[in-house]
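Here is a short briefing for a first look at this structure. Keep the sequence and the 3D view at hand.

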Amino acid sequence: MTRRAVVTGASSGIGEATARLLRSRGWEVVGVARRADRLAALEAETGVVAHAADLTDAADVDGLSTWLRETGGLDALVHVAGGARGSDRVEDGDPEDWRWMFEANVLSGQRLVASLLPLLRSAADAGGHADLLFVTSTAAQTAYPGGGGYNAAKAGEAMLVHALRQELNGEPLRVIEIAPGMVRTEEFSLNRLGGDQNAADKLYEGVEAPLLADDVADVIAYALDAPGHVNLDLVTLRPVAQSAQHLLARGPLTTR
């Protein structure tokens, strides 16, 4: 039986890579993002079904739920959408950037859970299990200077995941957290740094083989395709060059 997944943030980066990979593995995939034009191009190329929505808008989330109910239900929520704005110290941060990060990373997840959980429960009753997977970040685990707002937002999202897993104890619903470290994608750092391409490029300068969106998508697909009784509570993945949040090797990786 073909399983159906919603992948948020599907217009670029990890979300797009995940939508493509799941589709290639036989999943029916609904790609959700704000940019309808990019979703339409993805749909034409891969068969991922485009659904434009702003996940910070409760009406859009409810509209997604209604549309899913009317068109076939849902077996897996893969929540990738989110992001960072700014790299200021806490004392210099823009409260509107912090507000946006909390909306995009935490409240969007809560809205999706509240709206889509009935569909996932129905799928679990019919198929044995259903999945709620969230892409957080190693920023949820370790603070760093200039990351206060993003650290707080991603830590909030991670706590949502941990609480949800306990609240759903006893139900055949897997709650999975994937926490990537340094990932080089088309837009994440560029958006965070206000569109400054040079500053975004410097973050990865000299780093041998940072993670790519496809690397994270591969782990997501593994978690979803694992046997239904196996729950990957938390997977932390980093490039080899990044031994910890604060410890990043620049230059070739060589043995001593």
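Predicted model: local features only at pLDDT ≥ 70, side-chain atom pairs only at ≥ 80, totals over all residues.

Residues are numbered from 1 along each chain as its sequence is written, and side-chain values use heavy atoms, with hydrogens and water left out.

**Salt bridges**
- Side chains of opposite charge can pair when their charged atoms come close.
- The count comes to 15 salt bridges (a side-chain nitrogen of Lys or Arg within 4 Å of a carboxyl oxygen of Asp or Glu).
- One of them joins Asp131 and Arg3, at 3.2 Å from N to O. Asp131 sits in strand E5 (residues 130–135) and Arg3 in the segment before E1, 128 residues apart. Strands are DSSP runs of E with at least two residues, helices are runs of H or I with at least four, and both are numbered from the N terminus.
- Asp131 also forms a salt bridge with Arg174, with the closest N and O atoms 2.5 Å apart. This pair links strand E5 to strand E6, 43 residues apart.
- Asp131 is buried, at 0% relative accessibility, and Arg174 is buried at 3%. Buried means under 20% relative accessible area, exposed over 50%, and partly exposed in between (1.4 Å probe, protein chains only).
- Shared partners join Arg3, Asp131 and Arg174 into one network of salt bridges.
- Glu186 and Arg38 meet in a salt bridge too, at 3.2 Å from N to O. Glu186 lies in the loop between strand E7 (183–184) and helix H6 (188–192), and Arg38 in helix H2 (residues 36–46), so the pair ties together parts 148 residues apart in sequence.
- Glu186 is exposed at 51%, while Arg38 is partly exposed at 27%.

**Two buried residues**
- Ser11 lies in the loop between strand E1 (4–8) and helix H1 (13–24). Its relative accessible area is 7%, so Ser11 is buried.
- Leaving aside neighbours within four places in sequence, Ser11 is in contact (heavy atoms within 4.5 Å) with Glu16, Ala33, Arg35, Arg38 and Leu39.
- Ala158 is in helix H5 (residues 148–167) and counts as buried at 4%.
- With neighbours within four places again left aside, Ala158 is in contact with Thr136, Ala140 and Glu177.
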